[in-house]
Amino acid sequence: MEEKRALRPAVFTTVDQLRPGTHGHNLVLKVVSSSVVVEKTRTDGTKIRIAECFVGDSTGVIIMTARNEQIDLVQGGQTIIVRNSKIDMFKGFMRLAVDKWGKVELAKEPAKFEVPTSPDKNLSIVEYELVDD
């Protein structure tokens, strides 16, 4: 009979520790705002929705790209838990994304932290450039 292994508890990080090209991030975030930027219908009839959501914790804020059913969870004022997320680069700027291997869920209770509004805490306004060695 096969022995069950105990799952390791998730290790959560903060927004200020996110770096370009990294993945596997677990975060507890508060949604500041959300707006749908793409709403299309494919030729096979399936609908595609993409929203840019302004999310953050007490250490900083970042733009999160939410897709399809994730958009329904990521609404202004909600507290969400993001598991196995990654950092995508969009025109040289960082975006938090959750692909098919990750998960977005509503937190059981609202976050007790305040999200900073100052521009120096916004990781999505810092432009990165690929440098060849």
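Predicted model: local features only at pLDDT ≥ 70, side-chain atom pairs only at ≥ 80, totals over all residues.
D57 belongs to strand β2. Although D57 is buried, it forms no salt bridge, and the nearest side chain of opposite charge, that of K121, is 8.7 Å away. The side chains of D57 and T59 are joined by a polar contact of 2.6 Å, and a polar atom of the D57 side chain lies 3.1 Å from the backbone nitrogen of V15.

From D57, the view widens to the strands. Strand β2 spans residues 47–57 and runs antiparallel to β3, with eight bridges joining the two. Together β2 and β3 form a hairpin, with two residues between them. Within this pairing, F54 stands opposite I63 of β3. Strand β3 also pairs with β5 (residues 93–97), this time in parallel, through two bridges. Here T65 has A97 of β5 as its bridge partner. Strand β3 (residues 60–67) is largely enclosed by the rest of the structure, because seven of its eight residues are buried.

A further point of interest is I125, located in the segment that follows β6 (103–106). Between I125 and A107 there are 27 Å in space, C-alpha to C-alpha, for a sequence separation of 18 residues. Setting aside neighbours within four places in sequence, I125 is in contact with F93 and P119.

Technical notes: Residues numbered from 1 in each chain as written. Heavy atoms only, no water. Buried < 20%, exposed > 50% of the residue type's maximum accessible area, 1.4 Å probe, protein only. Helix = DSSP H or I, 4+ residues; strand = E, 2+ residues; numbered from the N terminus. Pairing = 2+ DSSP bridges. Contact = heavy atoms within 4.5 Å. Lys, Arg positive; Asp, Glu negative; His and termini not counted. Salt bridge = Lys/Arg side-chain N within 4 Å of Asp/Glu carboxyl O. Polar contact = N/O pair within 3.5 Å; in protein donor to acceptor, adjacent residues only side chain to side chain.
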